Amino acid sequence: MSSSTRRALHILEQVGAAEHPLGATEIGRALGISAGTVFRGLDALERAGYVGRFQSSAKFVLGKTVGTLRQNLFARFAIRDICMPYLRQLAFASGETASLTVRLGWYGVRIAAAPGTNEVTSSPPLGAVRLLGEGCASRAILASLAPGATADYAAWGRRHKKPMPDLKTLERALADIRRHGFATEETAFARGRAALAFALTGGGPAIAAIAIEGPVLDAARPDAHERLAQWREIVQSVERLVQARPALFAGPFDHLDPDDIVLP
Amino acid sequence: MLAVLSCFCGADRSLGVTELAQRLGMNKNMVHRALTTLAADGYVVRDPGGARYQLGYRVLVLRGDADEFDIRALCRPALEELHGLTGESVFLSIIVGRSRVNVDWIEARGRRVSASQRGRSVPLHCTTMSRALLAYLDDREIADYLASAAPLTRYDAIFPETANATAQDVWRDIAAMRRDGSITWRNPQQYGANYIAFPVLDASDRPHALITVGGPRERFGPQRIAELMPRMRAILQPLQQHCRHVLAAPVIIEGS
């Protein structure tokens with residue numbers, strides 16, 4: 001394959017990873033190639049709609065095509081569409097943003113959210129990816145996997161130089177999650193309070209998790225919240241739908257070996 | 001290669017080499033090489049059958065800030081296009097609490113419908129523009145709202161165009177909006193202006209926002225609106241489609 005097409009993808013990923021619009025010089029410096037080469041790549045990307053000019057300047061941001069591809073990817077997870085009304089119920093019942101995280105190999109991807117009325121900060125974007133050992137939604141999924149999966153996850157993480165917690169500590173945390181029936185995570189801006197996530201299973205290991213992202217729980221006594229049963233009931237309504245037709249809700253990448261899915 | 005990846009923007013769950021080659025007018029060898037490059041990074045993956053390709057997970061690394069759902073930024077290009085097409089004033093409105101608030105607008109030149117109500121919040125039952133948003137709450141919410149709202153006639157002096165409205169009038173507007181996916185009305189105050197409003201909804205038809213075009217009757221009469229309708233719909237369709245993927249912000253009607 002010609003290196004110029006490969007290079008276009010690298011340029012695209014630079015633009016995609018940046019939090020501000022990027023110019024050709026800046027991209028060239030990061031990739032170690034000349035600004036002229038970058039410019040030709042950007043031109044091809046712009047014509048195909050993968051990047052666009054930021055306010056008619058010479059700086060670039062991601063274009064519409066990328067948004068369409070991402071939305072298409074989220075739509076491949078059939079669980080998303082049936083979850084939407086239940087996310088809204090949870091957001092209404094808790095006042096906090098409720099979100100859906102699906103499993104992708106050893107990662108969790110947040111693909112849908114219903115904003116809560118108490119939300120004051122902007123929540124993470126749709127498509128945000130976290131390792132399965134990070135964050136309550138991902139951990140709720142990890143805790144539901146077969147025994148031995150945690151060790152496989154940790155081994156994969158070490159192979160690919162991902163930040164991994166100590167295996168014993170992680171196993172202990174996952175045991176807590178199984179005992180409570182939900183995972184918790186301390187939230188920014190609210191010390192001593194925690195968000196929570198329930199795994200969503202079709203009988204076996206979880207295909208997804210539903211999180212209430214606000215600081216609803218007392219981190220020291222997560223079990224004590226009087227509305228836990230109500231929230232759990234809403235999540236169980238989704239589970240009953242999944243259990244009725246599990247094949248319908250299989251993930252689009254379930255046929256891949258999780259070890260083969262590696263994101264930078 | 002980018003053209004190959006772009007083929008996965010459509011509704012097809014998976015695509016085969018032959019199919020892609022036909023669609024792009026490329027030979028199979030070229031398509032195959034492009035797929036190999038794309039597959040090496042996970043931009044595409046083989047489907048469970050192994051013979052065809054599906055969209056891969058690698059697009060997740062292309063984050064930028066494209067996914068931030070800022071309704072004003074998202075709708076701005078459509079407002080500009082609608083203004084360019086019609087030459088009239090356009091408005092973007094959202095629900096805040098129990099009211100409609102205009103959060104963006106472009107004013108036409110000369111004799112025009114003005115944004116006199118900048119940032120002012122207007123109760124959801126006053127003016128047709130407000131009711132066009134109210135229409136996308138559910139019937140129970142609307143009934144609760146109307147039961148606890150100020151008497152429908154209280155604001156008649158401020159909104160003479162909907163003076164003496166009854167709950168029945170409100171429900172009639174709601175039914176029209178839901179049936180047609182748009183609503184037109186006339187405001188005798190502003191040069192007998194005509195308006196047309198379109199909703200921006202989520203997947204369960206909850207309201208994100210309302211986009212309204214309004215102009216003096218001599219320029220923007222019912223006939224002109226009918227002529228422009230297909231083009232206005234074409235401008236709004238991609239925006240409306242995009243917004244369906246994101247849940248609308250919650251609306252709290254109770255507790256007045």
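Chain A is assigned two domains, domain 1 (3-69) and domain 2 (76-260), with bounds that come from an automatic or database domain assignment. The centres of domain 1 and domain 2 of chain A, taken over C-alpha atoms, are 34 Å apart.

Some conventions. This is a predicted model, in which local features need pLDDT of at least 70 and side-chain atom pairs count only at pLDDT 80 or more, while totals for chains, interfaces and linings use all residues. Residues are numbered from 1 along each chain as its sequence is written, and chains are lettered from A and ligands numbered from 1 in the order in which they are written.

Now the sheet. In chain A, six strands make an open, antiparallel sheet in the order E5-E4-E3-E8-E7-E6. Strands here are DSSP runs of E, at least two residues, and helices are runs of H or I, at least four, numbered from the N terminus; two strands pair if DSSP finds at least two bridges between them. Strands E5 (128-131) and E6 (183-187) of chain A each have a single partner strand, so one side of each is left without a neighbour in the sheet.

E6(A) and strand E7 (residues 190-201) of chain A run antiparallel, joined by five bridges. Within E7(A), A:Ala197 is the bridge partner of A:Ala183.

Last, chain B. Its C-alpha atoms fill a box of roughly 70 × 45 × 30 Å along the principal axes. Chain B has eight helices and eight strands. Of its 256 residues, 40% are buried, meaning that 20 or more other C-beta atoms, placed from the backbone, lie within 10 Å of the residue's own.

Technical notes
A residue is buried if 20 or more other C-beta atoms lie within 10 Å of its own, exposed if 12 or fewer, and partly exposed in between; C-beta atoms are placed from the backbone.
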